[in-house]
Amino acid sequence: MPIKLKPKLPKRKRGERAGLTRAAVVLAASVLLDEDGDGFNFHRLAKRLGVGPTSVRSLFGGDVHDLRAAFAHAELQGVVRPFRLREDPATYLIDLIERLLRRMNGRRVASAELVLQLARNPYLHLEFAERICACLSGLAIPPDRVPRAFARTLGVVQGLLMGQASDFDHALIPDSLSRTDFSALCAVRSGARATIGPGFDR
């Protein structure tokens, strides 16, 4: 009688036994955050996903800050799109900001969390930052002034998001936000094409 040998299975990676991925945990955190404002508790996430807390923690090195940054990165990933052929940079910039506002609309706690993560790391999502800088360059802002204009543009984004999180602690936002061009905020709200124009880099 022939002997059948069972193939040796590869060793599972951290969290693999539970069938988990970082993306699945981030999505669950986002849902919990929108439901009751507590989306970054490893025990609650594990219960939601039907796994043990260790399986969830292992995907983020046990660091809740890593999970929070991953959440913010996923939200920004959901709004970045390629440039269209010969697209006006101001049009793209307005669309990018409006897409983010629509995504975060009604999500008070999530909006506050995104503001905080952008304050901690403005380059959290490199493609999001690159798109903004490309638009600013397309608006004839000199290369040496683009970083300053980027900081102020991000201040516009933070200000609009804070409007959806009115009880957020403004003290957590860096000083750059206090220098936000509030006329630009109003222009974004009204859908004006020239939201970021000459002088915004000063």
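Student: What does Leu-100 touch, leaving out residues up to four places away in sequence?
Tutor: In this predicted model, Leu-100 touches Leu-76, Val-79, Leu-114, Phe-128, Val-157 and Leu-161, with residues up to four places away in sequence not counted.

Student: Which residues touch the most other members of the largest nonpolar core?
Tutor: Leu-67, Leu-100 and Phe-128, out of 49 residues in that core. At least two core residues come from each of α1, α2, α4, α5, α6, α7 and α8. The largest share is from α8, with nine residues.

Student: Back to α7. How many residues has it, and which are buried?
Tutor: Helix α7 runs over residues 126–138 and has 13 residues. Phe-128, Ala-129, Arg-131, Ile-132, Cys-135 and Leu-136 are buried.

Student: Why do the buried residues of α7 line one face?
Tutor: Viewed down the axis of α7, they fall within an arc of 160°, so one face of the helix carries them. In an α-helix there are 3.6 residues a turn, so residues three or four places apart point the same way.

Student: What covers the buried residues of α7?
Tutor: The cover includes α4, α5 and α8.

Student: New topic. How many aromatic pairs are there?
Tutor: Three. One of them, Phe-40 with Phe-71, is edge-to-face, at 5.7 Å centre to centre and 70° between the planes. Phe-40 is in the loop between α1 and α2 and Phe-71 is in α4, so the pair ties together parts 31 residues apart in sequence.

Student: Are those two buried or exposed?
Tutor: Both Phe-40 and Phe-71 are buried.

Student: And what about Phe-83 and Tyr-92?
Tutor: Their ring centres are 4.1 Å apart with the planes at 35°, so that pair is tilted. Phe-83 is partly exposed, at 34% relative accessible area, whereas Tyr-92 is buried, at 1%.

Conventions: Residues are numbered from 1 along each chain as its sequence is written. This is a predicted model: local features need pLDDT of at least 70, side-chain atom pairs count only at pLDDT 80 or more; totals for chains, interfaces and linings use all residues. Side-chain values use heavy atoms; hydrogens and water are left out. Helices (H or I, at least four residues) and strands (E, at least two) are DSSP runs, numbered from the N terminus. The expected span of a helix is 1.5 Å times one less than its number of residues. Buried means under 20% relative accessible area, exposed over 50%, partly exposed in between (1.4 Å probe, protein chains only). The arc is that of the directions from the helix axis to the C-beta atoms. Contact means heavy atoms within 4.5 Å. A nonpolar core is a set of buried Ala, Val, Leu, Ile, Met, Phe, Trp, Tyr and Cys residues joined through side-chain atoms within 4.5 Å. Rings of Phe, Tyr and Trp (its six-membered ring) pair if their centres lie within 6.5 Å; planes under 30 degrees apart count as stacked, over 60 as edge-to-face and the rest as tilted.
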